[in-house]
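I opened this entry to look up charged side-chain pairs. My plan was to list them, then check where the partners sit.

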Amino acid sequence: MKIGLQFAMPSELHALPGARDLVPLETVSGIPVFEVAEGILACAGGVGKVNAAMAAELLCLHCGVELILNAGVAGCCRDLPIGTLVLARDFVQHDVDTSAVGDPIGLVSTVNRVEFPTWRPEHCQALLRQLGFSAQLGRVATGDWFAVGGDRARRVRDTFSPTLCEMEGGAIAQVCLRSGVRFVSLKSVSDRLFSEKQAEEYFDFSQALKALGRVVLPFAKKLQEEF
């Protein structure tokens with residue numbers, strides 16, 4: 001089975017052991033694609049929903065992956081410790097709003113849904129436990145906005161009840177849904193939106209990257225064994 005690892009930032013990709021020394025297999029639409037293990041491709045597609053969707057489509061259609069594992073750091077709407085691993089149960093897109101014509105906030109009209117599922121999250125949680133890692137399950141809210149505490153963050157929290165808020169996963173989930181490709185997402189908490197120290201936490205997220213780098217490749221290989 002061919003798996004795609006999709007990150008937003010090169011720093012997340014480089015958290016994988018030995019990743020800095022890899023040479024791209026190819027570069028498509030400006031996105032370098034690496035082989036990090038046999039049958040496991042990886043790319044850092046860029047920050048934001050459009051970049052994420054482009055990279056996901058590349059992995060699905062050009063590279064022919066059967067599952068995308070989206071991994072990265074994310075802001076937390078709760079008071080979880082930095083470096084906590086969170087498996088996404090589902091995604092919402094908090095910046096999609098056609099409520100003026102009667103739609104619920106977050107409804108993506110192309111597929112006529114608000115929630116975008118991930119592949120067997122409870123089973124993935126069990127696979128992580130087999131590897132010796134603990135991860136919480138939670139909803140992730142995606143939008144083209146660097147989330148900081150304040151009125152907007154409270155609206156997102158109160159509307160969708162997410163555990164995390166980030167800028168890419170919901171777009172990848174939408175591409176995978178339409179492409180018939182399995183989707184798994186694992187995030188490491190980098191900062192807490194409602195903490196007085198949020199900026200300090202985010203700009204020093206080495207702990208979150210370290211937690212992520214230990215688990216991603218073993219988890220991808222474990223997922224590969226499932227098929």
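My notes on the salt bridges follow.

I am working with a predicted model. I searched the whole structure and got 10 salt bridges.

**Entry: Lys 49 and Asp 95.** I found these two side chains joined in a salt bridge, 2.8 Å from N to O. I then checked the positions of the partners. Lys 49 belongs to helix 2 (residues 49-62), and Asp 95 to the loop between strand 6 (85-93) and strand 7 (116-117). The pair links distant parts of the chain, 46 residues apart. Buried or exposed? I looked up Lys 49 and read 12% relative accessibility. Lys 49 counts as buried because 12% is under 20%. Asp 95 is partly exposed, with a relative accessible area of 28%.

**Entry: Asp 90 and Arg 139.** This is another salt bridge, with the closest N and O atoms 2.9 Å apart. Asp 90 lies in strand 6 and Arg 139 in strand 8 (residues 136-142), so the pair ties together parts 49 residues apart in sequence. Asp 90 has 13% and counts as buried. Arg 139 has a relative accessible area of 22% and is partly exposed.

**Entry: Arg 157 and Asp 158.** I noted a salt bridge between these side chains at 3.2 Å, N to O. Arg 157 is partly exposed at 29% relative accessible area. Asp 158 is exposed, at 55%.

**Entry: a network.** Which residues are linked in a network of salt bridges? I wrote down Asp 79, Arg 192 and Glu 201.

Conventions
Residues numbered from 1 in each chain as written. Predicted model: local features only at pLDDT ≥ 70, side-chain atom pairs only at ≥ 80, totals over all residues. Heavy atoms only, no water. Salt bridge = Lys/Arg side-chain N within 4 Å of Asp/Glu carboxyl O. Helix = DSSP H or I, 4+ residues; strand = E, 2+ residues; numbered from the N terminus. Buried < 20%, exposed > 50% of the residue type's maximum accessible area, 1.4 Å probe, protein only.
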